[in-house]
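Hi,

Here is the structure I said I would pass on. Have a look at it first, and then read my notes below.

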Amino acid sequence: MYKKQMTIQKAVCLFVLCTSVIVFIYSLGIMTDLYDSLYYTITDASNRENVRRNSVAGAFLYYDMQDFNKQFLHYGIGLILISLLLFITNTHVRRRYYVGNIIAVAANVIANVYVAVWAHTRISAYRADFLNVDFEALKTFSERRHTYYTESTFFFDIHYLVFCLAIIACVLLVANMIWKFSLMKKEQHLIDAGKGVAV
């Protein structure tokens with residue numbers, strides 16, 4: 001049973017690392033459509049009121065999201081570093097879990113859940129702002145200037161999948177730890193029973 005559990009344990013730790021990398025990649029790509037479609041409509045980003053009067057209505061969303069995107073990128077890097085704790089503490093291969101392993105698991109669960117909730121609330125709000133863009137004006141601008149045009153909310157909506165994977169990884173991590181402690185407890189009972197027979 002231990003062999004099967006340790007194989008799954010290693011796979012779960014790798015899955016956590018992979019989901020952290022996916023979150024990081026997503027943070028790099030979330031602004032892709034906004035840059036391609038909205039950036040060129042903004043003539044003077046230093047003067048917000050001027051932008052509101054002379055650019056496509058709602059286009060300033062591209063600049064409104066910059067601070068969020070920068071922080072999201074940092075969180076993505078942070079999740080990767082925290083997921084590496086699983087490997088630094090040998091959580092992926094250790095037969096018995098100790099305090100360091102519990103801390104590594106807890107840190108990953110807390111960090112992933114926090115980032116998922118934090119990002120979801122902001123991305124949902126920015127998605128609503130994007131739907132308020134004057135798409136007729138944006139389409140006219142796009143046809144005149146030959147720039148990219150889209151009404152797609154794909155890069156906002158995909159966060160459900162990205163963070164669903166991250167939360168699933170955390171659930172598996174906790175489930176694996178519970179399984180691990182159950183096996184450790186059974187093993188200790190067998191050892192104690194063996195000592196009792198020997199006496």
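**What I found**

Confidence in the protein is lowest in helix α3 (residues 48–54), with a mean of 55, and highest in α5, with a mean of 97. The number behind this is pLDDT, the predictor's confidence in each residue, from 0 to 100. Where pLDDT is low, the predicted coordinates should not be read in detail. Over the protein the mean pLDDT is 89, and 90% of the residues reach 70 or more.

Some ground rules before the rest. This is a predicted model, so local features need pLDDT of at least 70 and side-chain atom pairs count only at pLDDT 80 or more, while totals for chains, interfaces and linings use all residues. Residues are numbered from 1 along each chain as its sequence is written, and side-chain values use heavy atoms, with hydrogens and water left out.

**The overall picture**

The protein has nine helices and zero strands, so the pattern along the sequence reads α-α-α-α-α-α-α-α-α. Helices (H or I, at least four residues) and strands (E, at least two) are DSSP runs, numbered from the N terminus.

Of the 199 residues, 38% are buried. Buried means under 20% relative accessible area, exposed means over 50%, and partly exposed is in between (1.4 Å probe, protein chains only). The accessible surface is about 11000 Å², and 65% of that belongs to carbon and sulfur atoms. These areas come from the Shrake-Rupley method with a 1.4 Å probe; for residues, only the protein chains shown count as cover.

Contact means heavy atoms within 4.5 Å. If you take the contacts between residues at least 6 apart in sequence, 79% join residues at least 24 apart.

**Inside the protein**

In soluble globular proteins, nonpolar side chains tend to be buried together. A nonpolar core here is a set of buried Ala, Val, Leu, Ile, Met, Phe, Trp, Tyr and Cys residues joined through side-chain atoms within 4.5 Å. The largest one has 30 residues, and those with the most contacts inside it include Leu 34, Met 65, Phe 68 and Phe 156. Elements giving it two or more residues are α1 (2–29), α2 (32–38), α4 (61–64), α5 (66–88), α6 (99–130), α7 (135–145) and α9 (159–198). The biggest giver is α6, with eight residues.

Which residues does Met 65 contact, leaving aside its neighbours within four places in sequence? They are Ile 30, Met 31, Leu 34, Tyr 126 and Phe 156. Another core, of 13 residues, lies apart from the largest one, and Val 12, Cys 13, Val 16 and Val 105 are among its members.

Neighbours within four places aside, Gly 76 touches Ser 20, Val 23 and Phe 24.

**On the surface**

Ile 77, Leu 81, Leu 84, Leu 85 and Ile 88 form a nonpolar patch with about 430 Å² of accessible area together. Patches are made of residues with over 30% relative accessible area and no salt bridge: like charges are joined within 9 Å, nonpolar side chains (Val, Leu, Ile, Met, Phe, Trp, Tyr) within 5 Å. Leu 84, in helix α5, is partly exposed at 33%.

A salt bridge is a side-chain nitrogen of Lys or Arg within 4 Å of a carboxyl oxygen of Asp or Glu. The count by this rule is one: Arg 127 with Asp 157, whose closest N and O atoms are 2.6 Å apart. The pair links distant parts of the chain, 30 residues apart, with Arg 127 in helix α6 and Asp 157 in helix α8 (residues 154–157).

**Two loop residues**

Most residues other than glycine have a negative phi. Asn 90, in the loop between α5 and α6, has a positive phi of about 60°. His 146, in the loop between α7 and α8, has a positive phi near 60° and counts as exposed, at 72% relative accessibility.

Cheers
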